[in-house]
Amino acid sequence: MVRMVDLSAYRRLIHREWHARLRTASGSETTYHRRWPVWQHISPNQWYDWRWQWQHRLRSIHDLIRTGILPEHDGRLDSTVRRYPMLISPYYAVLMDLKDARDPIRRQAVPDVAESRSTALDPDPLDEARLEAVPGLIHRYPDRALLLVTNVCTTFCRHCFRKRILSRARVPTAVRNLSEIVHYIARHPEIRDVILSGGDPLILPSRVLARILHRLREIPHVEVIRIGTRVPVTLPMRIADPTLLRILDRYSPIWILTHFNHPREITLEAEAAVRLLLRVGAPVLNQTVLLHGINDRVCTMRTLLRRLIRIGVKPYYLHHPDPVDGTAHFRCTLEEGIAIMEGLRGHISGIAIPTYVVDLPGGGGKVPIQPEYIVRRGTDSWILRNHRGEQFLYPNCPERSGHPIVSSAPFPDRRVSVHTKS
Ligand code: SF4
């Protein structure tokens, strides 16, 4: 059922959830960007206009020097940027701490010569090119299809696992082949879940996004539509666009899979953007990538997950970083990932805990990994361990296991070592 609501309703919503909210939260609309000499003269109206942000993205080494992000020209970066293009929205740039060369925001956006040194890995370890059923559509799991609707983003993440397709020129493969893609999905009734990805689908012109969603909603067996986007993190003002909100509302529910990696990315603007999405019926889930030197400490990860829950975002996946060409300096060990997960369970709310997954090379799919809580499997009972390392005897279901408890003795003591479940 498609809802038709007048644009003015969305303008009122944006006023309440965006402008009024930012003003109340900060005393006036935030003007922190004026601390940056290069943007001192930019008014809040310009700053909060996503089109202005889009037009003024940083694209070159020269832009990094002009804005003070790099002190001087470093010739070694030229070949890195030629190989892996750079784009940074002004909004995301001002989240950087310029005094800190290892700043986690900076490292996610500013090119690093280490990218050129780590090119021995596979540019496409998940074998997406092979799994492209028709150009622009990846069919890896039977019930899901992933559309590559663009190869542009507001900010190119240096750790992106699709570095191979990112480009400043818009070549919207799935958009060009939309009819062929829709035809393919319509011929595969097992596909119930379609994910728009890229690149960042929320930077598509609104009418193009509306056309894609409309065509997908016309296919009766497509039950779930998801959009993978980093717009709430790198250009949240894009969400405060009445036309975009109307589209998301009209084809609701559209599940938003966003990508916050560090607590400092959760700003007033990001929070306001998430509230707008929730208000138009778009549930927001987060996929964090575990990144060396950025969020690979338990305290950082706990803070991130707590803040996500506070603003209404459900942590969905913690991705182990894929072995992608140009990203080796971001990689962590599996042991480090398990240690992070060990530091979450029992220490933060269960709804804040994501599933830690490894995407298997060669298109093998995602595999969840977690600390081992099973100490021993018995016929009648198992020994399980809790987050404090205490072990408990847990009764299995004797009727179903075919090994009914025949002893008339009282229920066995559940303690293993000295610990008792209260
Ligand atoms: S926004 Fe997503 S697709 Fe774009 S560079 Fe970042 S991780 Fe890659």
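Analyst: Happy to! One thing to keep in mind is that this is a predicted model. Let's begin with the whole chain and then zoom in. The secondary structure comes to 17 helices and 13 strands, so numbered from the N terminus.

The sheet you asked about is an open one made of three strands, in the order 11-12-13, with antiparallel pairing. Strand 11 (374-377) and strand 13 are its edge strands, as each of them pairs on one side only. From one strand to the next, the twist averages 20°.

Now look at strand 12 (residues 381-385) and strand 13 (residues 391-395). These two run antiparallel and are joined by five bridges. You can trace the pairing residue by residue: S381 has P395 in strand 13 as its bridge partner, while L384 stands opposite F392 in strand 13. Together, strand 12 and strand 13 form a hairpin, with five residues between them. In that turn, have a look at G389, which has a positive phi of about 90°.

With the sheet in mind, let's step back to the chain around it. The C-alpha atoms fill a box of roughly 80 × 50 × 50 Å along the principal axes. A compact globule of 422 residues would have a radius of gyration near 22 Å, and the chain, at 24 Å, agrees with that. Buried residues make up 35% of the 422 residues. Among contacts with a separation of 6 or more, 76% are between residues 24 or more positions apart.

Elsewhere in the chain there is a ligand to find. The residues around the ligand are C153, F156, C157, C160, R162, L166, G198, G199, D200, R230 and H259. This shell divides into five nonpolar, three polar and three charged residues.

For one last stop, find Q46 in helix 2 (residues 44-47). Q46 counts as partly exposed because it has 15 C-beta neighbours inside 10 Å, whereas a buried residue would need 20 or more. Q46 and R275 are 229 residues apart along the chain, and their C-alpha atoms are separated by 22 Å.

Notes: Residues numbered from 1 in each chain as written. Predicted model: local features only at pLDDT ≥ 70, side-chain atom pairs only at ≥ 80, totals over all residues. Near = placed C-beta within 6 Å. Nonpolar A, V, L, I, M, F, W, Y, C, P; charged D, E, K, R; others polar. Helix = DSSP H or I, 4+ residues; strand = E, 2+ residues; numbered from the N terminus. Rg over C-alpha atoms; globule rule 2.2 N^0.38 Å. Buried ≥ 20, exposed ≤ 12 C-beta atoms within 10 Å, placed from the backbone. Contact = placed C-beta atoms within 7 Å. Pairing = 2+ DSSP bridges. Axes fitted to C-alpha atoms, helices over the stretch in contact; angles between N-to-C directions.
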